[in-house]
Structures are given as C-alpha cells and as structure tokens.
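Hello! Here is the structure I promised to pass on to you, and my notes on it follow below. Take your time with the picture before you read on.

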Amino acid sequence: MKAAALVARGTAHFNAGRAKQALADFRAAARLGKPGAEVRYFTAHAHLSLGEIPEALESFAALLRAYPSYISAYLDLANLLHQQGRLLDATQTLRAALKRAPGSAPALRRLAELESAQAEEKRAAAAPTRARRPASKRAGALIAGRAVNRPAALSSASERVFRLPDGPLRVKRLGNLPIELLALLAGVKPVIHLTVRDGDRPELEALAKRLGLRLHAFPLGVMLGRDAAALRDAAALWDRENVNPGVSLGYPACCASWYYEHADEPGRDLVNAIYSNTKKKSRLSFMLNDIFYFFSRVRSVQEGARRQKLAAMNPGLDLDVLNLVPWHPCSYDCAPSRAKAAKIWATARKVAPELADALKKTLARPVVFWDWSRFAVLEKKGKNYSVAAPYSLLEKSLIARLEAADTIRSTPKGLELLNGEKMIGHLGGKPAPILLDFSAARPRTRPPRRGPSRMSPTRHP
Ligand SMILES: [Zn+2]
C-alpha cells in the first residue's frame, strides 16, 4: 500500500472512532516517508482518544518541532496540558503560538481564558476555607474560569451500574453503550452496533453472556442482540452500498429514511435540518434532545478533532452519553420517536435512576444553537440567563451577549435578546442561530415538580 492510501484509510479509521487501527496505518505511512502535518495531528488525537496522554503530548510536541506554524496543534496541546493540570505549561504553549501567529484570535482568546483560570487558582489557593485538590483532579475552568458542573452519573471516570431484577450490572464506559443498552432493555432496539477496540471484546462478551445476548463481530464493529438472524441481517446490510441499516437497529422508519436523505447536506448541521422539519417548534420534549449526540452527525475529516476539542472544554463530563434516544429524530415532534423515547425513559428511571435524573437535568434546558461545536446551554442565574455545561466552542463575546438577556425570542430573522422588556440585541447571521427549548415539556410518567421551577420558561412569539 502507498503512503497516501494508508493515510486515507487511517483517517477513515480515525473518524469512525477506530483509533488503534488509525495509529497502525499512520505508523506504516510514516515508515514510507516523512509524515505530513495532518498525519501527525491525527496521530496525536488518536493517542488522545485511546487515553495515551504521554504519547499524545509527545506527538503534539513532535508535530510542532517539524511544523512550528501549525497553530491548531498549539491550541490542542494547551488544552491537553490544561486538562492535565499544567496550567503554566498551557499558557506558555499559547504564547509560543502567538510568537508564530501574533494575531491568532483563538490563541489570544484561549490565553485570556487560561490567564483568568490562573488568577482564579491563585485566589482559590489564597482562600483558607477552600479545600485544595490536586491540580489534575480540579475541574477545568474553561469558560472564563467556570467549572464544569457534572453529576456523578455523567462522569467520564466511572462505569455505570444498572439495577436489573437479577442483580446489579456494571456497564463499561464505551461510547454510547449505556444508552444503547437502555434502548435494548426497553425493547426499542433489537440490535446494538458498536465500533470497539480489541481490548473491549472480553468485557462485551461478559456483558452479552450476562444479558443472554448474542455477539456478532464483523469488519465494521460488533453487533449485540437477542436474535442471531437479526444480527446477521443487520451486519450484512451495513456492508452494502445505498442500504440504510436504521430500521434494523430499531429506529423509527420515518427517522431512518429522513436521516439517510439529510445527513450529508453540505453546510447544514443535522439539528438545523431537524428543527426546520419540526411543526410545533416550542415546548420540545427533552427526550428527543440530540444537541450533544455527536454520533452520526457530521461526516468530515474534522469530526474527530472537533469532538476532542469539545471534550477538552468539558473535562470529566462524559459527552458520549448525553442523549436518551440513540438516533436522530426526523423532527422534534416525531410521534414514533416520542413513543420509543418514552419506553427508554421508563426503563432508564427503573434500572438507572441516577443516570435518568442527571440526563433529564442536562437535556431539559433551552439551547441556542449555531452548529455542533457552537451552542449555548442556558440556565437562569438570578434574573438573567447563564451559559452552563456542556460547554461548546462558542465565542466569549456571544456568551456575554446571551448572559445579558433575561428573555430570548425567536423571530424569522434570528433571535431577539431582551432585558426587562427592552430589546438589547439581535443574533442573526447565516445560518442564523436557533432557539431550541427543551425545558418546558415534561414526560407524562413523572408528576410535576413541587415548588417554583428554577428556570422560567422562554417566551416565544
Ligand atoms: Zn421520525
């Protein structure tokens, strides 16, 4: 195989989440000639996604030695160092980037954020009443010194325990597996598809045995399900061109065919397309919130790197499980999706109540959305809105504008920001941001909350 073909295959592996295979291809390509900047960049990210931090640090450093003007690598290296609690090294890395590219807006912005985090750390160290934790355990204060507030059930560090009738089941942290499993236990999904590392196989085999599932390995991953024939059929479909495996995985037919037609629309995020297809645009069900469901979202070379950047913005938060339905609905009022979601929700509350509770808190909030790396999750802090985790890569200036508002109104031309009935701004542009309010509708299975809601409902025209 030629170097270029190896790089192409490695990149495809990387984007599909097969970091180990990606690394093997990149290494083979490097043996055939000096690796380019992109290959080195992906190599670093592949190490990152395998949790190989020293190797990732070294790969970024090697990339910068060979290509000292590769600014994204400085930014990612700084994020990684910050995550490791090496704030000083992180700021020095950004200063090195600014020597190469003095006007770089992202480097300037990030440096300002880290400097304010540094100031916050100094204040924290000086305050006698605050317990000090080791730097590596401290939550990354990523948006202007804010910590990532995450419930234990959504921590990226822990496995989850499902309470099944025959005893507890430990569910490994493996992509969206916990949610996929809930859908399977709810009878919504006959088959689960996973792309896995070789090292995960024994765990999955144990899981299959415990739940009486069959496991079918095929070149594009592993299928888990109760029925052997259904598994084989689903796997066979996957390999064929122009065949949509969605229905065999338990997705509503309307959503599977809609996804197939709209997933690759250039320049438009799937969420924008789903929102356009939604008739009743207010009081959306949190159960269909797919803002943080990054799987199957954008098919581009940048996909893996963007996911890494979002993860770096939310240290300790497991971004892989922030959804209740493991598919993209055809609209936010899709009746078959809602019916299936209600079944998964009932199962989640029964077998994983902490996870269910944490998911609802995360998903049932308004979101201002540009695209999958630029969005703002809103909470009310006092009278005004406050941007909360999961954080995105949204510009600080936009965050400040949103936080000056106490009311956000959608109009055909974009969003109006108001404070005390007074218009204080307008967010337009192409594409204009949209307001998705998942905070209002509550599932029928739960009695209304007592006491005043923390979040006042967002007004719509
Ligand atoms: Zn549908």
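Strands β4 and β5 run antiparallel and are joined by 5 bridges. Before going further, please keep in mind that this is a predicted model: local features need a pLDDT of at least 70, side-chain atom pairs count only at pLDDT 80 or more, and totals for chains, interfaces and linings use all residues. Residues are numbered from 1 along each chain as its sequence is written. The names of helices (H or I, at least four residues) and strands (E, at least two) come from DSSP runs, numbered from the N terminus. Two strands pair if DSSP finds at least two bridges between them.

In which order do the strands of the open sheet lie? The order is β3-β5-β4, with antiparallel pairing of the 3 strands. β3 (191-194) and β4 (214-218) are the edge strands, each pairing on one side only. On average, neighbouring strands in this sheet are turned by 20° against each other, direction ignored. For such angles, axes are lines fitted to C-alpha atoms (for helices over the stretch in contact), and the angles run from 0 to 180 degrees between N-to-C directions.

β5 covers residues 221-225 and pairs with β3 in the antiparallel sense over 4 bridges. You can look up some partners yourself: L194 has V222 of β5 as its bridge partner, I192 has L224, and F218 has G221. Of the 5 residues of β5, 4 are buried, so the strand is largely enclosed by the rest of the structure. Here a residue is buried if 20 or more other C-beta atoms lie within 10 Å of its own, exposed if 12 or fewer, and partly exposed in between, with C-beta atoms placed from the backbone. Helix α9 (residues 201-211) lies across β4 and β5 and runs at about 145° to β4.

Helix α2 has 13 residues (19-31), which should span 18 Å at 1.5 Å a residue, and its end C-alpha atoms agree, being 18 Å apart. The expected span is 1.5 Å times one less than the number of residues in the helix. Which residues of α2 are buried? They are A19, A22, L23, D25, F26 and A29. Their arc around the axis is only 165°, which puts them on the same side of α2. Such an arc is that of the directions from the helix axis to the C-beta atoms. Among the elements covering these buried residues are α1 (3-15) and α3 (37-49).

Helix α4 (residues 53-66) can be checked in the same way: its 14 residues should span 20 Å at 1.5 Å a residue, and the end C-alpha atoms are 20 Å apart, which agrees. Its buried residues are A56, S59, F60, L63 and L64. Seen down the axis of α4, they fall within an arc of 130°, so they line one face of the helix. They pack against α3 and α5 (71-83). P54 and R65 are exposed, on the face of α4 turned away from its buried side.

Leaving out residues up to four places away in sequence, R18 touches H13 and T195; a contact means that the C-beta atoms of two residues, placed from the backbone, lie within 7 Å. R18 and A46 are 28 residues apart along the chain, and their C-alpha atoms are separated by 8.4 Å.

E421 sits in the loop between β10 (414-419) and β11 (422-427). E421 is exposed, with 7 other C-beta atoms within 10 Å.

**The whole chain and its confidence**

The chain has 16 helices and 12 strands. Of its 461 residues, 40% count as buried. The mean pLDDT (the predictor's confidence in each residue, from 0 to 100) is 83, and 85% of the residues reach 70 or more. Confidence is highest in helix α14 (residues 335-351), at a mean of 97, and lowest in helix α7 (residues 105-126), at 74. Please read residues 128-142 with care, as pLDDT stays under 50 there. The pLDDT is also below 50 over residues 443-461.

Enjoy exploring!
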